[in-house]
Amino acid sequence: MIMTLTTTRISPDWPCQVKNPGSYDWERSAAKWLRELVPARYASYPALLRHPVLLARHAQLQVQQEVRVARTALQTARADLPRLGMPESVIEHTIKLYAAEVMQLQHIARSVRAVTQALVEHGTTR
């Protein structure tokens, strides 16, 4: 008997902490990773624990909000930080920090979308 393995094509944004879709226990690894993206109080809500797709949706909203906050901080740093008495060197460092954070959060947002799509496609609504 010849067994064929079907594999889901993994996005370059797929998080390394999450097992490949369809592999043993991959949904659990996805849920664990997603719980790390939401505030602790949300990670313990029974509905979010039982329904990984619902948890993924909330993680998407959470990360989208964090992107907005980081963008706002980046866009307003040059105007706001001098008024707070910050020296130019600190302002420049802070701007680089916010720019890097926006990039990182955008990557996380793409990863959450990839995991969400895989959860939906594999029907993990429990």
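The axes of helix α1 (residues 26–35) and helix α4 (residues 52–83) approach within 10 Å and cross at roughly 30°; helices are DSSP runs of H or I with at least four residues, numbered from the N terminus, and axes are lines fitted to C-alpha atoms over the stretch in contact, with angles from 0 to 180 degrees between N-to-C directions. The model is predicted: local features need pLDDT of at least 70 and side-chain atom pairs pLDDT 80 or more, whereas totals for chains, interfaces and linings use all residues. Residues are numbered from 1 along each chain as its sequence is written, and side-chain values use heavy atoms, without hydrogens and water.

Because angles under 35 degrees count as roughly parallel, α1 and α4 are roughly parallel to each other. Their crossing is left-handed, that is, the near helix is turned anticlockwise from the far one by less than a right angle. In the contact (heavy atoms within 4.5 Å), A31, L34 and R35 of α1 meet P52, L55, A56 and A59 of α4. Six of these residues are nonpolar, none is polar and one is charged; Ala, Leu and Pro count among the nonpolar residues and Arg among the charged.

Two aromatic pairs are found in the whole structure, with ring centres within 6.5 Å as the criterion. One of them, W14 with W26, is tilted, at 6.3 Å centre to centre and 45° between the planes; planes under 30 degrees apart would count as stacked and over 60 as edge-to-face. W14 lies in the segment before α1 and W26 in α1, so the pair ties together parts twelve residues apart in sequence.

Helix α5 (residues 88–121) has 34 residues and should span 50 Å at 1.5 Å a residue, which agrees with the 50 Å between its end C-alpha atoms; the expected span is 1.5 Å times one less than the number of residues. G123, which follows α5, has a positive phi near 60°.

How values were computed: Helix = DSSP H or I, 4+ residues; strand = E, 2+ residues; numbered from the N terminus. Parallel < 35°, antiparallel > 145°, perpendicular 65-115°, else oblique. Phe/Tyr/Trp six-rings, centres within 6.5 Å; stacked < 30°, edge-to-face > 60°.
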